[in-house]
Structure formats: C-alpha cells, structure tokens
Amino acid sequence: MPSKMIEMALPLWKNLVQTTKKRILQQRRLSLYNGADGYEEELIKKKLQQFSGGSINLSKEDNGIGILTLNNPKLMNAFTGTMMVELQERVTELENWKDGKGLIIHGAGNTFCSGSDLNAVKEISNSQDGMNMCMFMQNTLTRLMRLPLISVALVQGKAFGGGAELTTACDFRLMTPGSEIRFVHKHMGLVPGWGGAARLVRIVGSGAALQLLAGAARVDPERALSLGLSEETLPSSDQTRALGEARAWLSHYTEGPAAVIRAVKKVVTAGRELPLEDALRTEKDIFGTVWGGPANLEALVRRPKHK
Ligand SMILES: CC[C@@H](C(=O)O)C(=O)SCCNC(=O)CCNC(=O)[C@H](O)C(C)(C)COP(=O)(O)OP(=O)(O)OC[C@H]1O[C@@H](n2cnc3c(N)ncnc32)[C@H](O)[C@@H]1OP(=O)(O)O
C-alpha cells in the first residue's frame, strides 16, 4: 500500500480499534459475570448455536421507539439457543442506538413467550452448561434492564418460565385481556435463573413473589394489576391493535428530546440499583449532561407554565 494511503487509513483504523475497545469495556461494565466467576461466554455461545430456530427481530422507529419481537410462534416463542444469542446481539444494537427512547418487547403470533425451548434445555441439562447459560442470560437481561430506554413488556397470551422472567427485566408490563404471566419453574423442578426471582421481589415485594413462585400461580391481568406487576390492561387482545395501544401508552413517557428521556431512565436505574450515596453522585453526573443543554436553554427562553 502506498505510504500516503497508509497515512490516511491509520487514524481511521486507530479510531475503529478505540471504538471497539470502548464498546467491549462498556459491555463488561454493564454485565454481571466475567471469567473471574468461571463464566465461559464463548463456550456457551458455541453450544447455544447448536440449537437453532426462531429469531429475535428489532425494528427502530423514527419516534425513538424500538420494537423487539420474539419470533418462534411454532413453539409459543420459546427461546432456542440461537434466539438467546440473537437477544444478546439485539441488546448490543440497542446500546448503540443513540436516538432511542423506548422499547416494546412482544411475541409473534399473539403470545409472549413460553420460556426456554425444552428441546434445547434437555441437551444442556449438565451443570457446567446450565451455569454458563444462566450467567449468559443474566448478563443479557441485566444489560437490557440498564438500557437508557424506557422498556415495556407487552404480554399477550402466555408469558411462562423464562418468558415471565423476561417481563421483569422491563421497566413496565402491559397485559392484554386473557393473557397470563406464570413462573412455572417449580413444576420443572427449578427456580428462576435468568434473574427473574431477584427482580420480581423488587417489583411486587418478597411475600407476593414467594406466593407466585412457590404456587407457580397463574397471574391474570386483574391480579397482576393489584400486585403492581402490570401497569395497565389494554383494551384489545388483537395483536396489531394491542401493539398500537402499547405504543400510545409508552409515547406519553418518551415524548421529548432523546437526551432528556435517556437521562431520566439513567437516574432511575441508578436509584434502583445503587446505594444512596453512589446513586446521588451518579444523578449529579447525569444532571450535568442536561443542565444548560439545548432542551434546558430552549425551556428557559420559552418559560412554560406547568398548569
Ligand atoms: C431455565 C429454564 C426455565 C427458564 O428459562 O427460566 C424455563 O423457561 S423452562 C420452560 C418453561 N416453560 C414450559 O414448561 C412451557 C411448556 N409448555 C406449555 O405449558 C404449553 O405448551 C403452553 C405454553 C401452556 C401452551 O399450551 P397450548 O396453548 O395448549 O399449546 P401447545 O402446548 O400445543 O404448544 C404449541 C407447541 O409449542 C410447543 N412448546 C410450547 N412451549 C414450549 C417450550 N417451552 N419448549 C419447547 N416447545 C414448546 C408445544 O410442545 C407444542 O408443540 P407440539 O407438541 O409439537 O405441537
């Protein structure tokens, strides 16, 4: 390659290496487990790739709302191995979507998700694979929960097992008439392993969580509302209409500049996860990103009355 071209390409190459390094570091920071925990990511990814079927699809809309579709309707949207890997890839994509403000997770075929694909689970029922799969999914769902996007699980049909766990990694749950959330793990001789128990306790309290897990209880929209597990029961059970209603519900919270909405989610994430002093410091840093920013300056000129 002529030296002039090398001279031109070098900064671009350095920039790419730096961006990739930054991205990997960010993913590690947002994840829970790494090699020090005995977690073998490449090993479990290779294993999961052997159990294929279905897909996880993401569409990013101009209004800053992403729609993540669990797509394996033949198996009630059960998670095959490749879907677990694809979920991780989609979360990475969302981490890099700087214009994003909200996210709706729903299932294809008018049902949410029936958990792990039991055909795959049978093949990885040994302890090493089980622990690696558990850490893989906890890392992915923790990163999902920490996205600077306001997230909603739109529960149509059934959210069972790992599907019920996934709903708890969202900020909010909306249910359609006739739908059901059910932590069936006890009947599978299991407890949640994707972080669903820890998150459920924080959403509904330890007593209610114990009842739902120990009773493998059916949670219909009415009970979910009274427990605070669901925000609202949508009027429609039709797939397309329900998605429209979920979009409208979410848009009340995502209206406004992305920088501000994302900052709101970040301060709440800090408050939810960190000890008070650390949360306060984080809040100060995030405040600094919006103070004197375009939305703030424009509001100072406009001087709105909040009647
Ligand atoms: C760590 C594991 C744990 C976790 O991740 O936390 C889990 O998630 S374990 C999985 C927990 N889920 C289940 O045990 C669900 C089992 N399935 C059912 O209870 C029922 O299928 C249903 C979800 C209540 C739906 O019932 P119904 O509406 O009557 O439909 P079908 O039963 O006919 O289902 C259609 C089709 O889908 C297959 N299916 C459903 N769920 C799974 C699944 N999780 N894995 C694999 N396959 C699943 C079901 O077997 C049917 O297929 P066919 O038998 O070929 O018709």
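A residue counts as near a molecule if its C-beta atom, placed from the backbone, lies within 6 Å of that molecule. In this predicted model, 22 residues surround the ligand. The protein is divided into domain 1, residues 36-254, and domain 2, residues 258-302.

**Ligand site**

- The closest residues to the ligand are A78, S114, G115, G161 and G162.
- Three elements each supply at least two residues of the shell around the ligand: helix 4 (118-123), strand 5 (158-160) and helix 6 (162-168).
- Helix 4 gives the largest share of this shell, with 3 residues.
- Sorted by class, the shell around the ligand holds 11 nonpolar, 8 polar and 3 charged residues.

**Domains**

- The centres of domain 1 and domain 2, taken over C-alpha atoms, are separated by 27 Å.
- Contact between the domains involves 8 residues of domain 1 and 6 residues of domain 2.
- On the side of domain 1 that touches domain 2, the residues comprise 3 nonpolar, 2 polar and 3 charged.

- An open sheet is formed by 6 strands in the order 1-2-3-4-6-9, and its pairing is mixed.
- Strand 1 (55-60) and strand 9 (232-233) stand at the edges with a single partner strand each, so one side of each has no neighbour in the sheet.
- Helix 3 (residues 81-95) packs on the sheet and touches strand 1, strand 2 (65-71) and strand 3 (102-107). The direction of helix 3 makes about 20° with that of strand 1.
- Helix 10 (residues 239-254) lies across strand 2, strand 3, strand 4 (150-155), strand 6 and strand 9. Helix 10 runs at about 160° to strand 4.

**Pairings within that sheet**

- Strand 1 and strand 2 are antiparallel and pair over 6 bridges.
- Across this pairing, I56 stands opposite L70 in strand 2, and K60 stands opposite G66 in strand 2.
- The hairpin of strand 1 and strand 2 has 4 residues between the strands, and in this hairpin G64 takes a positive phi near 85°.
- Strand 2 and strand 3 run parallel and are joined by 6 bridges. In this pairing, T69 stands opposite H106 in strand 3.
- Strand 6 (residues 172-175) pairs with strand 9 in the parallel sense over 2 bridges. The bridge partner of L174 in strand 9 is E232.
- In a regular strand, side chains alternate between the two faces of the sheet.

- Strand 5 and strand 7 (residues 180-182) pair in the parallel sense over 3 bridges. K158 stands opposite E180 in strand 7.
- Strand 5 is also one of the elements that supply at least two residues of the shell around the ligand.

**Contact of helix 2 with helix 5**

- Helix 2 (residues 41-48) packs against helix 5 (residues 127-145) at an angle of about 100°, and their axes are 9 Å apart.
- Angles of 65 to 115 degrees count as roughly perpendicular, so helix 2 is roughly perpendicular to helix 5.
- E41, L43, I44 and K47 in helix 2 meet D129, N132, M133 and F136 in helix 5.
- The residues of this contact divide into 4 nonpolar, 1 polar and 3 charged.

**Contact of helix 11 with helix 12**

- Helix 11 (residues 258-273) and helix 12 (residues 276-290) pack at an angle of about 175°, with axes 9 Å apart.
- Angles over 145 degrees count as roughly antiparallel, so helix 11 is roughly antiparallel to helix 12.
- Helix 11 contributes A259, V260, A263, K266, V267, A270 and G271 to the contact. Helix 12 contributes A279, T282, E283, I286, T289 and V290.
- By class, the contact of helix 11 with helix 12 has 8 nonpolar, 3 polar and 2 charged residues.

How values were computed
Residues are numbered from 1 along each chain as its sequence is written. This is a predicted model: local features need pLDDT of at least 70, side-chain atom pairs count only at pLDDT 80 or more; totals for chains, interfaces and linings use all residues. Ala, Val, Leu, Ile, Met, Phe, Trp, Tyr, Cys and Pro count as nonpolar, Asp, Glu, Lys and Arg as charged, and the others, Gly among them, as polar. Domain bounds come from an automatic or database domain assignment. Two residues are in contact if their C-beta atoms, placed from the backbone, lie within 7 Å. Axes are lines fitted to C-alpha atoms, for helices over the stretch in contact, and angles run from 0 to 180 degrees between N-to-C directions. Angles under 35 degrees count as roughly parallel, over 145 as roughly antiparallel, 65 to 115 as roughly perpendicular and the rest as oblique. Two strands pair if DSSP finds at least two bridges between them.
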